[in-house]
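Hello,

Here is the structure I promised to hand over. My notes follow below it.

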Amino acid sequence: MSIARTTMRAARHAKALVIPCLLAAACGESASQPAAPAPKPTAVACQSGVGVAPDFLSRLDCKPDFDVLASDPVNASIPGARAVKVVVDGRLGDAVYFQNSKKYKIHYEFASAHLSGNGKPIVPALMKFNETEYYSDSRRFILGSITYYEGPKVWSFEIAPYDTADDKMIARAYDAIVKATFFGKQLFFHPTSVSVERVVPALPARIKIKTTAELFAEIDYQPLNLATAIGKLRLISADELQTAYVNYRDIVVLDRTPNDISVVSGIITEEFQTPLSHINVLSQNRRTPNMGLRNATQNPKLKLLEGKWVRLVVGAFDWTAEEATMADADAWWEGHKPQPVQLPVVDLAAREIRDVGDLVADRMPLRDAIKAAIPAYGGKAAHYSILARTAGVPTPKAFAVPAYYYVDFMEKNGLYRRIDELLADPEFRDQPAIRDGRLKDFREQIKLAPVDEGFQKLLRAKLDADFPGAMAMRFRTSTNSEDLDGFPCAGCYESHTGRPADWDSVLTAIRKAWSSIWLFRTFEERAYHSIDHKSVVMALLVHRNFPDEEANGVALTANPFDPSGSEPGVYVNVQKGGDAEVVHPPAGVTSDEFIYGFRLPGQPLTYISRSSLVEAGGSVLSRTQIFKLGSALDAIHKRFSPAYGPEAGNRGWYAMDVEFKFDGEPGQEPELFIKQARPHPGRGK
């Protein structure tokens, strides 16, 4: 990419790099705004009543002044944030210009229209402007934004996360803005990336600092999946979910984030979630509202609504819960119940245990090729096959067992007949407690049933040939009902580990994986989407196990807090290796969670949270490891675009949901391994 294009992208895309906090550092869309005659700066207060918003103000003397210039809100995890871009002109005595950020979407548009010529120095072309005004020590302008965060009631001055302004420049701009605003005494400087944070210690003591973590800690509401639903409101603890059953028409209010929950119409948790938490991915798949709300179980409004039909609306900046009638609820359900999902029909002709690189054909368009491989080898293995052949994406060596052997196992052991009996039983259909218990009994039958000797011989030969002397192998589920475009079913099934030297452990691992098709939560998910349970089949993706990895994590190849999909950040949630699960850690344990501007100059990093398992101020990954991960995520994003992204005609938000690990022998630098990639269902509307 040329410098011109790079700097244009930098100016255009800065605003959503930080989870909820970089709205102000934005630069915008394009430099196509035509120049207009410069009006005289307006210095009177409260211009919002004038009728037509001014192109800029030299002062902000009241809240309506700010509101009339502020850009429309963008989706972000800190709701209610609005921003006005600001230009401080060093050639004109640090004159301050608060630009109309609806009309002028980037600083360059405003500066070229109003601060060039007519006795002022000429503003150069966009490429030169960006190179100078974000990176040069001799820049004319100091560029930034004023953001007001509605939740914590904070006014902040922010610069772009890749801006190299030093402490003196920041202090000059801060002081000028303080003098020109009604909120000057309340103004904070918010460092928008790790590189900007490095300047903070050199700033004068008079400049108040507000970090991303502090902003995040001061909000009460966290929108996760934006949607509306009508359901019966239930206040219930996460622990009670172990024994209590919730209904697909319930809206549940929980004291903390559970690792799993069967189908419900909406979720509110007191504990804030990560975008890739299991229940958020399920909510996105179900297209049901999901939000965090501090002290939700004690919220007076929610307590009054307990046990009643409620319309819940989760928006990008606020939420509402209003009482509804049963008639409202019935009408809503009839109009919004999910369309039946038709799964790919199993291909029983494929019986070869194949290397992953041989699963997806090159002779057809990528999306069609993936779809063609799923009936025999499942969604996970099909996507893995693409990963294994993508330059810059390191994957563990692997092979795939076709779904034929699962179907053969079920038929020979009479297990399909048992399922028919269960499905015909009214008690099983109508009572969740009975359904749960009988599915558990059925899984135990699967775990005890014999495995075909011919299949065992083929599998042992493949393991001996490809992984001689392997200590442990991971047998990962790959069904025709997961990792699908529009139905990812993330976390529906369970993978298991076996040791070839202990053959019984291999057979046990395979049967446990196969039996996870009949988990209660998975059964409920399929029922919600009207899926024929017997149409689900399971292939297996097999590679070596990672028992002692140095780090494990999940990532998105785009910024989940950007509604347009055009922002260049990637989202990463990573934890030190061990027992702490990254998407659902034990109480009190936090992971590294950050946005990485891999495609931006300087590749800025902004941490939303830090791991509690590393030294204070430390990181789970080194900067070198983060770069390797960013490179792989970028390659994955581009590789799957012809299947799911812009190259496939998708004009909405697009990202791949990726699992990864860093693993190495003692004394060696841990290596990156990409374990999985699937299309992400999005954040809702």
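**What I found**

The chain exposes about 27,100 Å², and carbon and sulfur atoms supply 51% of that area. Keep in mind that this is a predicted model.

First, the chain as a whole. Its secondary structure comes to 19 helices and 25 strands. The chain has 685 residues, and 59% of them count as buried. Take the contacts with a sequence separation of 6 or more: residues 24 or more positions apart account for 64% of these.

Next, a helix pair. Helix H8 covers residues 278-286, and helix H18 covers residues 520-528. The two pack at an angle of about 20°, with their axes 12 Å apart. Angles under 35 degrees count as roughly parallel, so H8 and H18 are roughly parallel to each other. Their crossing is right-handed. On the H8 side, the contact is made by His278, Leu282, Asn285 and Arg286. H18 brings Arg521, Glu525 and Tyr528. By class, this contact has 3 charged, 2 polar and 2 nonpolar residues.

Then a strand residue, Val86. You will find Val86 in strand S2, which spans residues 82-89. Is Val86 buried or exposed? Its relative accessible area is 1%. Buried means under 20%, so Val86 is buried.

Last, some backbone angles. Asn118 is not a glycine, yet it has a positive phi of about 55°. Asn118 sits in the loop between helix H3 (107-114) and helix H4 (126-135). The relative accessible area of Asn118 is 77%. Exposed means over 50%, so Asn118 is exposed.

Gln603 also has a positive phi, of about 45°, although it is not a glycine. Where does Gln603 lie? Gln603 is in the loop between strand S22 (592-596) and strand S23 (605-609).

Best wishes

Note on methods: Residues numbered from 1 in each chain as written. Predicted model: local features only at pLDDT ≥ 70, side-chain atom pairs only at ≥ 80, totals over all residues. Heavy atoms only, no water. Axes fitted to C-alpha atoms, helices over the stretch in contact; angles between N-to-C directions. Helix = DSSP H or I, 4+ residues; strand = E, 2+ residues; numbered from the N terminus. Parallel < 35°, antiparallel > 145°, perpendicular 65-115°, else oblique. Left-handed = near helix turned anticlockwise from the far one by under 90°. Contact = heavy atoms within 4.5 Å. Nonpolar A, V, L, I, M, F, W, Y, C, P; charged D, E, K, R; others polar. Buried < 20%, exposed > 50% of the residue type's maximum accessible area, 1.4 Å probe, protein only. Areas by Shrake-Rupley, 256 points an atom, 1.4 Å probe, with all protein chains shown as cover.
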